[in-house]
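Visitor: I have not looked at this structure before. Please show me how to read its features one at a time.

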Amino acid sequence: MSKIIAIANQKGGVGKTTTSVNLGAGMAALGKKVLLVDIDPQGNTTSGVGINKADVADCIYDVLINEVDPQDTILETQNEGLHIIPATIQLAGAEIELVSMISRELKLKKALNAVKGNYDYVIIDCPPSLGILTINSLTAADSVIIPIQCEYYALEGLSQLLNTVRLVQKNLNPHLKIEGVLLTMLDARTNLGIQVIEEVKKYFQEKVYKTIIPRNVRLSEAPSHGQSIITYDPRSKGAEVYLELAKEVISYE
Ligand code: ADP
Ligand code: MG
């Protein structure tokens, strides 16, 4: 059985893309077959696994808007077992173009239904908004992972996200669950991080992953080399924690 997980938070810079790429790569390193789906027009997951966007023929945009067969858009990455449906800046137009389409919220679900059987996990990297692309992702997903940055105002904006999750559960996808809440970019040298951890745990309780992602400079370098942390620096703290997270997520099957 395959599981579709959306990585969502409408705040930018909280670690959605870093988590999509490295959780996916971690799962693949553990022998799982994983499909990344980049549904952010910025295409950072796409470039983050070493794909030159200029070379992409058809991307997720063509799947959503032009009914291109999703199978024909899947590319391999340097990580064995890790594939991707890429995104390019073309996707920026989709928010508007989808508005007038029939079953516009169901486009991604339909597309992934056709390919998910080949994978253990499908991981969708959402854009930093609660627009139609994120709604498509939550509608297609079995569950959602919410990354939260260990910073001031960590919980700000979360009520809108949780409200969107509830609306999708009610109207489009009653099966959608919150898979887990992931604390990211912890700076162990400050007390602030500890306070944020306590605050988030009070709010989400057992939904918070035991694995907490610290700030690690290798994690921020890896994308510019077009690599996951698992191939870029397998001995780094970043690789260690994302492998740990992969094990934790897999264990909650
Ligand atoms: P989002 O997809 O939510 O916008 P990103 O994953 O792109 O967030 O992360 C924002 C920035 O922070 C990126 O430059 C990324 O490389 C960096 N970053 C993310 N997680 C970490 C981490 N644990 N340690 C250091 N840098 C990180
Ligand atoms: Mg991103």
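**A buried helix**

Guide: This is a predicted model. Start with helix α6, residues 132-140: nine of its nine residues are buried, so the helix is largely enclosed by the rest of the structure.

Visitor: Which residues are buried in α6?

Guide: The buried residues are I132, L133, T134, I135, N136, S137, L138, T139 and A140.

Visitor: What covers the buried residues of α6?

Guide: The cover includes three strands, β1 (3-7), β5 (121-125) and β6 (143-149). It also includes the helices α4 (94-99), α5 (107-113) and α7 (158-171).

**The ligand shell**

Visitor: How many residues surround ligand 1?

Guide: A residue belongs to the shell if its C-beta atom lies within 6 Å of the molecule. Ligand 1 is surrounded by 17 residues, and the closest are K16, T17, T18, L219 and S220. Two elements, α1 (16-29) and α9 (217-221), each give two or more residues to this shell.

Visitor: Which element gives the most to the shell around ligand 1?

Guide: That is α1, with three residues.

Visitor: At what angle do the axes of α1 and helix α11 cross?

Guide: Angles of 65 to 115 degrees count as roughly perpendicular. Here the axes of α1 and α11 (residues 237-251) cross at roughly 75° and come within 8 Å. The two helices are therefore roughly perpendicular to each other.

Visitor: Which residues of α1 meet which residues of α11?

Guide: From α1 come N22, L23, G26, M27 and A29. From α11 come Y242, L243, L245, A246, V249 and I250. By class, this contact of α1 with α11 has nine nonpolar residues, two polar ones and no charged ones.

Visitor: Where does K247 lie, and is K247 buried, partly exposed or exposed?

Guide: K247 lies in helix α11. K247 has 13 other C-beta atoms within 10 Å, so it is partly exposed. The C-alpha atoms of K247 and L23 are 9.3 Å apart, although 224 residues separate the two along the chain.

**Positive phi**

Visitor: What is phi of Y153, and what is phi of Q205?

Guide: Look for a positive value in a residue other than glycine. Phi of Y153 is near 60°, and phi of Q205 is near 50°.

Visitor: Where is the place of Y153, and where is that of Q205?

Guide: Y153 is in the loop between β6 and α7, and Q205 is in the loop between α8 (191-204) and α9. Y153 counts as exposed because it has 9 C-beta neighbours inside 10 Å. Q205 counts as exposed because it, too, has 9 C-beta neighbours inside 10 Å.

**Single residues in their surroundings**

Visitor: Is D62 buried or exposed?

Guide: A residue is buried if 20 or more other C-beta atoms lie within 10 Å of its own. D62 has 21 such atoms, so it is buried. It is found in helix α3, residues 60-65. Apart from its neighbours within four places in sequence, D62 is in contact with V68 and T73. D62 and G180 are 118 residues apart in sequence, and their C-alpha atoms are 31 Å apart in space.

Visitor: Where does D187 lie, and what does D187 touch?

Guide: D187 lies in the loop between β7 and α8. Not counting residues up to four places away in sequence, D187 touches C150, G193 and R215. D187 has 12 C-beta neighbours inside 10 Å, so it counts as exposed. The C-alpha atoms of D187 and P214 are separated by 6.2 Å, with the two residues 27 apart along the chain.

Visitor: Where is A188 found?

Guide: A188 is found in the loop between β7 (177-184) and α8. A188 is exposed, with 10 other C-beta atoms within 10 Å. Its contacts, leaving aside neighbours within four places in sequence, are G193 and P214.

**A record entry**

Visitor: Which feature does UniProt place at residues 2-178?

Guide: An unreviewed UniProt entry gives "domain: AAA" for residues 2-178. In the model, this span is 34% helix and 17% strand, and its end C-alpha atoms lie 17 Å apart.

Conventions:
Residues numbered from 1 in each chain as written. Chains lettered and ligands numbered in written order. Predicted model: local features only at pLDDT ≥ 70, side-chain atom pairs only at ≥ 80, totals over all residues. Helix = DSSP H or I, 4+ residues; strand = E, 2+ residues; numbered from the N terminus. Contact = placed C-beta atoms within 7 Å. UniProt positions renumbered as here; feature names shortened; annotations may be inferred. Axes fitted to C-alpha atoms, helices over the stretch in contact; angles between N-to-C directions. Parallel < 35°, antiparallel > 145°, perpendicular 65-115°, else oblique. Nonpolar A, V, L, I, M, F, W, Y, C, P; charged D, E, K, R; others polar.
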